[in-house]
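Take a moment with the model before reading on. The paragraphs below walk through it piece by piece.

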Amino acid sequence: MGKAGTRPDQPVALVTGASGGLGQSLAMELDALGCRVAVHYNSSRDRALAVAEKLQNPSVVVGGSVASYEAVVAMYAEITEALGPVDVLVNNGAIRKDGLMAMQSPEDWREVIETNLIGTFHTARVAVGHMLRQRWGRVINIVSPSGIIATAGQTAYGASKSGVIGFTRTLAAECGRRGVTVNALSPGFMITDMTKDLSDQVQNAIKEKCPVPRFGTTEEVARSMSLFLDADYMTGQVVSIDGGVSVT
């Protein structure tokens, strides 16, 4: 670990949902930037192991539902034992259960909120204490254009991501004096496991609304990790890498 107030020589980074398309790219980018990465999965252990095999620096694979605080505490202990306490937290794990609100089950709605919003609190709650004590840390919350602009059928997902944006800004205000930055990354539409079920009609409609009329790639979104790691004076911000869809 580096001196208090400076970035550790090889920061420990936890990426939740790292078995998915964007999560894999985030993990690989952080590894390329010199981090030791904890690759988190909820149900896809084999895919998480495959991601870890691609990393050059020491890593660990951990599983569990971020919606459970007890599971997150256990996961954090496993990471600390294998790599050390977390210096960089990337809250990428999320689920999406779309449907018009008038017909959506309370159970589905609650599950989205518990995973996407409350899960973000759980991981930050266990990780931020160490960052504050060493006076350096990074919390990067992955949000969505759906948390900024209205998307019919996504009241649960939109509410969860809007909530994470509010959480990001408030936590940034709480942590800034001790060298811990808290920001959000809002990727545009990418073909990942979460979006591959969209029909061609929906995909084309999304592209037509976007000033850069295409889907993004997970790799170009992940390149933002260097900005979040380096920018000591940026906190409480939402960085949109979305082809401009959030401003249309």
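How far is the sulfur of C35 from the closest cysteine sulfur? The gap is 19 Å, to the sulfur in C175, and that is too far for a bond. Seen from C175, the closest cysteine sulfur is that of C35, again at 19 Å and too far for a bond. A disulfide is a covalent bond between the sulfur atoms of two cysteines. Here the term stands for a pair of cysteine sulfur atoms within 2.5 Å. The structure holds zero disulfides.

A word on the basis of all this. The model is predicted: local features need pLDDT of at least 70, side-chain atom pairs count only at pLDDT 80 or more, and totals for chains, interfaces and linings use all residues. Residues are numbered from 1 along each chain as its sequence is written, and side-chain values use heavy atoms, with hydrogens and water left out.

Both cysteines are hidden. C35 has 1% relative accessibility and counts as buried. C175, at 2%, counts as buried too. Buried means under 20% relative accessible area, exposed means over 50%, and partly exposed lies in between (1.4 Å probe, protein chains only).

Now turn to the sheet. Seven strands form it, in the order β3-β2-β1-β4-β5-β6-β7. The sheet is open, and the pairing is parallel. β3 (59-63) and β7 (238-241) stand at the edges, each with a single partner strand, so one side of each has no neighbour in the sheet. From one strand to the next, the twist averages 20°. Strands (E, at least two residues) and helices (H or I, at least four residues) are DSSP runs, numbered from the N terminus. Two strands pair if DSSP finds at least two bridges between them.

Follow the pairings across the sheet. β1 (residues 12-15) and β4 (residues 88-91) run parallel, joined by three bridges. The bridge partner of V15 in β4 is V90. Four bridges then join β4 to β5, again in parallel. There, N91 stands opposite N141 in β5. β5 and β6 pair in the parallel sense over six bridges. V139 stands opposite V182 in β6.

How many residues of β5 are buried? Six of its six are. In a regular strand the side chains alternate between the two faces of the sheet. In β5, both faces are covered. G137, V139 and N141 are buried on one side, and R138, I140 and I142 on the other. β6 is also mostly covered, with eight of its eight residues buried. V180, V182, A184 and S186 lie on one side of β6, while T181, N183, L185 and P187 lie on the other.

Next come the helices. Helix α1 (residues 21-32) lies across β1, β2 (36-41), β4, β5 (137-142) and β6 (180-187). Its direction is at about 175° to β1. Such angles run from 0 to 180 degrees between N-to-C directions, with axes fitted to C-alpha atoms, for helices over the stretch in contact. Contact means heavy atoms within 4.5 Å.

Not counting residues up to four places away in sequence, S25 touches T218, E219 and A222. At 7% relative accessibility, D31 counts as buried. Leaving aside neighbours within four places in sequence, D31 is in contact with V37, L55, Q56 and N57. D31 and V12 are 19 residues apart in sequence, yet 9.6 Å apart in space, C-alpha to C-alpha.

Helix α3 (residues 69-82) lies across β1, β2 and β3, at about 165° to β3. It has 14 residues and reaches 20 Å from its first C-alpha to its last, close to the 20 Å expected at 1.5 Å a residue. That expected span is 1.5 Å times one less than the number of residues.

Which residues of α3 are buried? They are V72, M75, Y76 and I79. Seen down the axis of α3, these fall within an arc of 100°, so they line one face of the helix. The arc is that of the directions from the helix axis to the C-beta atoms. An α-helix has 3.6 residues a turn, so residues three or four places apart point the same way. The buried residues of α3 pack against β1, β2, β3 and α4 (106-134). On the other side of α3, E70 and E81 are exposed. After α3 comes G84, whose phi is positive, near 115°.
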